[in-house]
Amino acid sequence: MNPWLVEGGTIETIAIARGRYRAEILTLGAALHRLDVPGRDGQAANVVLGYRDLDEYRAAPRFYGSIAGRYANRIGGARFSLDGHEYRLPKNSGEHNLHSGPLGFDQQFWTIEGRGEDWVTLAHLSPDGFNGFPGNLRTRVRYSIGADGLAIGFRATTDKPTVVNLTNHAYFNLAGEASGTTVLDHWLQIPASRFTPVENQIPTGELRLVADTPFDFRAPKPVGRDIAAADPQLGPALGYDHNFVLDAPAGRLRRAATLFDPHSGRVMELHTTEPGLQLYTGNHLAHGAPGTSGGSYPKYGALCLEPQKFPDSPNKPAFPSARLDPGQEYRHELALRFRTAKDVASAFAN
């Protein structure tokens with residue numbers, strides 16, 4: 001039996017819309033299945049990747065648009081200690097744990113708690129001990145469309161000390177999911193002076209300056225400009241798959257990235273309350289099942305911008321803590337704000 005397979009349940013699609021924006025959310029993984037955004041010409045296009053056949057979301061996952069958790073990203077050695085007790089997790093990324101292992105939040109059916117024309121709230125209870133994590137974790141995710149795009153709010157509570165790191169794993173191509181293009185000519189800006197270098201995909205613990213490296217996105221540049229640079233951090237990953245340390249303090253909603261597609265004119269600003277941002281450039285997208293519009297996606301056919309706690313934080317005391325105790329509430333606010341621009345200068349004028 002495929003250990004990733006989810007037995008039973010019917011995937012329901014929830015449509016929400018307001019003004020020029022429309023989104024579809026799935027009950028499986030609380031996944032963002034599509035997000036329609038107008039371009040410079042006024043025509044809307046879906047800017048996130050997904051599967052044409054919804055049952056493909058049940059197969060070995062690519063996490064298209066899903067909620068990643070309980071702990072998004074990697075935990076080194078698939079283990080961590082909390083209050084002197086070691087918790088062992090499934091190894092599903094070499095010797096490490098990725099996005100909490102098989103049947104993580106992306107493969108769970110979420111309950112619709114409430115919905116309106118432009119919003120929906122979904123909930124999930126992850127039982128104590130599931131995939132090795134302590135505590136009954138109650139999680140809610142609210143998608144809402146506003147005047148300038150999509151907001152995603154995360155909440156979680158526990159009855160035992162645990163670790164929590166929730167994000168949305170959307171793959172973005174602002175030229176449109178059906179464009180068949182890569183994102184190498186998208187322009188990207190990330191206000192981060194440091195990143196967390198990795199060894200065997202796990203942060204070393206160093207906060208390395210981005211200056212004079214391919215990881216310097218403080219000034220806008222094309223995604224593909226330095227992606228093939230002779231840097232030991234880029235080679236093993238075949239591109240970017242790294243966490244950036246945002247300059248502005250966490251805990252308040254602030255800009256973490258700006259992405260611009262010169263062809264469509266679409267600009268996306270991502271705002272978050274979290275301390276880090278994972279950039280993944282779709283290095284392994286090729287040869288997947290047909291996408292939402294029926295075509296297959298190429299390598300670098302989209303990129304992920306995943307706001308988060310840092311990878312392997314439970315094993316790195318110097319990193320921002322991912323601990324959640326009973327009586328506390330985990331909160332993460334994420335906003336995707338869209339506009340159009342005629343050129344690079346106007347896209348990054350703010």
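**Entry 1: the β12 neighbourhood**

I began with β12 and strand β13 (residues 149-158), which pair in the antiparallel sense over ten bridges. This is a predicted model, so I read each entry below as a description of a prediction.

How many of the ten residues of strand β12 are buried? I found seven, so strand β12 (residues 137-146) is largely enclosed by the rest of the structure.

**Entry 2: the nine-stranded sheet**

Nine strands make an open sheet, and I wrote down the order β10-β11-β12-β13-β29-β25-β24-β17-β22, with antiparallel pairing. At its edges stand β10 (111-116) and β22 (221-222); each has a single partner strand, so one side of each is left without a neighbour in the sheet.

I also looked at the pairing of β25 with β29. Strand β25 (residues 266-272) is joined to β29 by seven bridges, and the two run antiparallel. Arg266 is found opposite Thr340 in β29.

**Entry 3: His332**

Staying with β29 (residues 330-340), I picked out His332, which is found in this strand. Is His332 buried or exposed? Its relative accessibility is 0%, so His332 counts as buried.

I then asked what the side chain of His332 does with its polar atoms. One of them lies 3.1 Å from the backbone oxygen of Leu166. There is also a polar contact of 2.9 Å between the side chains of His332 and Thr272.

Leaving aside residues up to four places away in sequence, I listed what His332 touches: Ile152, Gly153, Phe154, Arg155, Leu166, Thr167, Thr272, Thr273, Glu274 and Pro307. The C-alpha atoms of His332 and Thr273 are 5.9 Å apart, although 59 residues separate the two along the chain.

**Entry 4: the six-stranded sheet**

I turned to another open sheet, with six strands in the order β16-β27-β26-β23-β18-β21 and antiparallel pairing. Its edge strands are β16 (171-172) and β21 (208-209), and each pairs on one side only. I followed the β21 end: strand β18 (residues 194-196) pairs with β21 in the antiparallel sense over two bridges. In β21, Arg208 is the bridge partner of Phe195.

As background, nonpolar side chains tend to be buried together in soluble globular proteins. Here I found that the largest nonpolar core has 58 residues, and that Leu35, Tyr143 and Ile190 have the most contacts inside it. Apart from it lies another core, of 14 residues, among them Leu49, Tyr57, Tyr64 and Tyr171.

I followed up on Ile190. Not counting residues up to four places away in sequence, Ile190 touches Phe217, Arg218, Phe244, Leu246, Ala256, Ala257, Leu277 and Leu279.

**Entry 5: pocket and cavities**

The largest pocket holds about 680 Å³. It is lined by 33 residues, and the closest to its centre are Arg74, Leu98, Gln201, Asp241 and Tyr280. Which strand gives the most to the lining of the largest pocket? The answer is β23, with three residues. At least two lining residues each come from β19 (198-199), β23 (241-245) and β26 (276-280).

For cavities, I searched the whole structure and found three of 30 Å³ or more. The largest cavity has a volume of about 70 Å³. Its lining includes Leu28, Ala31, Tyr51, Tyr57, Arg62, Ser66 and Asp106.

**Entry 6: Glu24**

I finished with Glu24, which lies in strand β2 (residues 21-26). Its relative accessibility is 14%, and under 20% means buried, so Glu24 counts as buried. I looked for a polar partner and found one in Arg22: the two side chains make a polar contact at 3.1 Å. Not counting residues up to four places away in sequence, Glu24 touches Thr13, Ile14, Ala15, Ala31, Leu32, His33 and Arg34.

Definitions and conventions: Residues numbered from 1 in each chain as written. Predicted model: local features only at pLDDT ≥ 70, side-chain atom pairs only at ≥ 80, totals over all residues. Heavy atoms only, no water. Pairing = 2+ DSSP bridges. Helix = DSSP H or I, 4+ residues; strand = E, 2+ residues; numbered from the N terminus. Core = buried A, V, L, I, M, F, W, Y, C linked by side-chain atoms within 4.5 Å. Buried < 20%, exposed > 50% of the residue type's maximum accessible area, 1.4 Å probe, protein only. Contact = heavy atoms within 4.5 Å. Polar contact = N/O pair within 3.5 Å; in protein donor to acceptor, adjacent residues only side chain to side chain. 1 Å grid on protein atoms, 1.4 Å probe; cavity = no way out; pocket = protein on both sides within 12 Å on 5 of 7 lines; lining within 4 Å. Points joined across faces, edges and corners; volume = space filled by probe spheres on them.
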